[in-house]
Amino acid sequence: MTDKRWAYEDFEVGASLPLGSKLVTAEEIIEFASEFDPQPMHLDEEAGKASILGGLSASGWHTCAMFMRMICDAYLLNSTSQGAPGVDHVKWRKPVLAGDTLTGRSTVMARRLSQSRPALGFVTFRFELFNQNGETVFDMQNTGMFLRRAAT
């Protein structure tokens, strides 16, 4: 893993990392919902319009999956990531509708070295996704585990 760009030491508290952008299509909303969350507002435009969501909307779990892809493409696949022990919170702030373009950022909130595994560090992130209007649609906080550069 020595060739990875992002290791524990590279995540400075206060740093903000952009996640790029993602256009959300009706086809992918329906495909995801058909398999994993077949509620009417995720499967049909008219049902979505009749709901409090206001249109065909991505499942919150679909939003999480899109976020995961965005973070992988932005930096996680080029890191010493060892996974995460869990998620502190996930909030779906506004519906993600067909045609929305999502952008996002990761902000480093804290970091600490493992006491039991000196080659490992824990980095706590706050993640946010925004729609094309700059409205927050998703926020999440969790701690990721990263190998230290000196230990790889």
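Predicted model: local features only at pLDDT ≥ 70, side-chain atom pairs only at ≥ 80, totals over all residues.
## Strands and their pairing

Let's start with the strands. Strand β1 covers residues 16-23 and pairs with β3 in the antiparallel sense, over six bridges. Within that pairing, Lys-22 has Leu-102 of β3 as its bridge partner.

On to the next pair: β3 and strand β4 (residues 120-130) run antiparallel and are joined by ten bridges. These two strands form a hairpin, with six residues between them. Leu-113 stands opposite Gly-121 in β4.

## Arg-111 and its surroundings

Phe-122 is eleven residues away along the chain, yet the C-alpha atoms of Arg-111 and Phe-122 are separated by 5.4 Å.

Leaving out residues up to four places away in sequence, Arg-111 touches Phe-122 and Val-123, together with Tyr-8, Glu-9, Asp-10, Phe-11, Glu-12 and Val-13. Two backbone oxygens deserve a look here. That of Glu-9 lies 3.3 Å from a polar atom of the Arg-111 side chain, and the side chain of Arg-111 also reaches the backbone oxygen of Phe-11, at 3.4 Å.

## Salt bridges

Side chains of opposite charge can pair when their charged atoms come close. With nitrogen and carboxyl oxygen within 4 Å as the cut-off, the model has eight salt bridges. One of them joins Lys-22 to Glu-28, with the closest N and O atoms 2.7 Å apart. Lys-22 is partly exposed, at a relative accessible area of 22%, while Glu-28 counts as buried at 19% relative accessibility.

What does the salt bridge between Asp-139 and Arg-93 tie together? The closest N and O atoms of this pair are 2.6 Å apart. Asp-139 lies in strand β5 (residues 136-147) and Arg-93 in the loop between β2 (87-92) and β3 (101-113), so the pair links parts that are 46 residues apart in sequence. Asp-139 is buried, with 2% relative accessibility, whereas Arg-93 is partly exposed at 47%.

A network of salt bridges links Arg-105, Arg-126 and Glu-128. Within this trio, the closest N and O atoms of Arg-126 and Glu-128 are 3.5 Å apart. Arg-126 counts as partly exposed, at 32% relative accessibility, and Glu-128 as buried, at 8%.

## The nonpolar core

Which residues touch the most other members of the largest nonpolar core? Among its 28 residues, they are Phe-11, Phe-67, Tyr-75, Phe-125, Phe-127, Leu-129 and Phe-138. At least two residues of this core come from each of β1, α4 (60-74), β3, β4 and β5. Helix α4 gives the most, with six residues.

Note on methods. Residues numbered from 1 in each chain as written. Heavy atoms only, no water. Salt bridge = Lys/Arg side-chain N within 4 Å of Asp/Glu carboxyl O. Buried < 20%, exposed > 50% of the residue type's maximum accessible area, 1.4 Å probe, protein only. Helix = DSSP H or I, 4+ residues; strand = E, 2+ residues; numbered from the N terminus. Pairing = 2+ DSSP bridges. Contact = heavy atoms within 4.5 Å. Polar contact = N/O pair within 3.5 Å; in protein donor to acceptor, adjacent residues only side chain to side chain. Core = buried A, V, L, I, M, F, W, Y, C linked by side-chain atoms within 4.5 Å.
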